[in-house]
Amino acid sequence: MEATIALLLNFAIPTVIVAAIFIALLLFVLPREVRTIFKREVKSYFNSPIAYVCVFIFLVISNGITFWFGGLLESGEASLYISYFQYLPWYFVVVAPAVGMRLWSEEQRLGTMELMLTMPIAPWHAIVGKYLAASVVIFAMLVLSFPIVWVINYLGNPDNGVIMAGFVASFLTALCFLAVTSVVSAFTRSQIVALLISIGLCLLLWLGGLQPVSQAVASLKGGWLFVWPFLKFINIIGIIPHFSELAKGVLGLRDIIFFLSFIAFCLFSTAVVLRVKRA
Amino acid sequence: MIEVKNLSKHFGEKVAVDNISFTVEKGEVLGFLGPNGAGKSTTMRMVTGYLPPSAGDISVGGADILDEEIAAKSKIGYLPENAPLYSDMTVEDFLRFCAEMRRVPTDQIEDAVNKAIDTCFLQRVRHQSVDTLSKGFRHRTCLAQSIIHDPEVLILDEPTDGLDPNQKHEVRNLIKRMGETKAIIFSTHILEEVEASCSRAIIIDRGKIIADGTPDQLKKKARNAGAIFLRAGGLASTGIRQELEKLPEVQSVNVLESGDNSIVARVIPNKGKDKELPEAIFQLAVTKGLKVHELRVEEGRLDELFREITRPDTED
């Protein structure tokens, strides 16, 4: 009993703090227009099956793989990185685009973009409001993953600080994928096209930081005219190194800044795409 | 209220709007006429700030649409073509959302929503989800969002499209009524609508303004304006024709129908003689025994003018 309460305090308090910061940001920092769009989008997510389907699929896959293939129970280790967190971004490569594919493509398909962008708001109000609403769905997924934390605490005595860091790293990675999806969805009125292209880009972004890519970059250096700059580029923006540092509990400012600036860049690009598409 | 100067829009090679200028004052309803693809919607999209112009200036209520974007946009109510709506909301929620976005003060939102619902006759569907609405209701819901913040400027792209005749009538009256206190632009290709609710009309073809005036002024430009429609008998039809052609006031006679002893014709007067022509024809009746069954001065019709000055799509 005492252990459960301690566990709750360990996780519930940071989670509530994150949620509170988020709500305060919405209520007191961001303009009313962002709030209005955010409210509408959240309602729209949870009024349609899409949010539930995404959350459900994510939970089934993430838990299933951890227990059946990840060898959580057999490993005898009281940590979640090997069996759980290192796989999470793989699911988000698919799930984040599924959540975000409708962000701007739906708006274009319905023609409501014309309404939205002729209202007395700045485009970034709409982009940020919509993005925050989609990030709530991702947040819900991670909050609902809590049982796995309970299981590992029941079985052993893990470092819960590292587990929290794993969640933070996964959340930031998912937010990057969501931001990429936001840009892609601004290009097309078809949600399916947005989904497929976003999955492809997120996969590149995820794999770009892998060891083999880094090695290839080092050994090819300058050769293969077009391939090398491309490899170099995806290697630089590859997420894996930043993710694994954070998820192992090393809270580096460099990695946090990488994630936040990457998201900001994508949201800015969304605005550029929306502008160029109209001109 | 609305000032458009030397406005142009290119899409790649294609010129959609070509150097047009016009103004609309408060209390004016401007009808935008033109064939499909003439540039009506593109112009409206630029005035509302959706599309950036390739060249030219637009100001709404003194605010430039590019430099003071938000100030200009907050003065406008806009009904886009095809009346787009968020299909996952109810009518009421949608209007509440739009009111909030349009910066209606929080404590006045409910009143604004109720008023818009009453004005656009949406009481019956206010709790219904948008994707279950019929076309007429969808259109009126979108119209309701355009007037929810009581804007000074209204821009309506085909506001009566898809409505039944009763609804069309209602919307026209609504536009006319609102036009007393606002500056309104609306586009249509139904010509009777222009006569019913516009104080001024502009005809656009291939991106250029080709006619601009009150509906009456425009009608006078039609070829048959001032011609006399005549149904007469009493003489052989060829005789009637000859007698008419002898009159100095007559430029030409178009015979529309002729029987043995009767004729139906359109008599075109010489320039400046349209006032004298009816009298001259009655004089014929006295001197030659012409029996006039029907005689009226044709007013000229907008659709004739429209057909005369706009080129059909097939011709290029």
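In strand β4 of chain B, Asp57(B) is the bridge partner of Lys5(B), where strands, like helices, are DSSP runs numbered from the N terminus (E, at least two residues, for strands; H or I, at least four residues, for helices). The structure is a predicted model, in which local features need pLDDT of at least 70 and side-chain atom pairs count only at pLDDT 80 or more, while totals for chains, interfaces and linings use all residues. Residues are numbered from 1 along each chain as its sequence is written, chains are lettered from A and ligands numbered from 1 in the order in which they are written, and side-chain values use heavy atoms, with hydrogens and water left out.

Strand β1 (residues 2–11) and strand β4 (residues 55–60) of chain B run antiparallel and are joined by five bridges, pairing being assigned if DSSP finds at least two bridges between two strands. Within this pairing, Ile2(B) has Val60(B) as its bridge partner in β4(B). β1(B) is also joined, by seven bridges, to the antiparallel strand β2 (residues 14–24) of chain B, and here Lys9(B) is partnered by Val17(B) in β2(B). Two residues lie between β1(B) and β2(B), which form a hairpin, and Gly12(B) in the turn has a positive phi of about 60°. These pairings belong to an open sheet of four strands in chain B, with the order β2-β1-β4-β5 and antiparallel pairing. The edge strands of this sheet, β2 and β5 (63–64) of chain B, each pair on one side only.

Over its whole length, chain B contains 11 helices and 14 strands. Its radius of gyration, taken over C-alpha atoms, is 25 Å, well over the 20 Å that the globule rule gives for 316 residues, so chain B is more spread out than a compact globule; the rule itself is 2.2 Å times the number of residues to the power 0.38. Along the principal axes, the C-alpha atoms of chain B fill a box of roughly 80 × 45 × 35 Å.

Of the 316 residues in chain B, 53% are buried, that is, under 20% relative accessible area with a 1.4 Å probe and protein chains only. Among contacts (heavy atoms within 4.5 Å) between residues of chain B at least 6 apart in sequence, 67% join residues at least 24 apart.

Terms used:
Buried means under 20% relative accessible area, exposed over 50%, partly exposed in between (1.4 Å probe, protein chains only).
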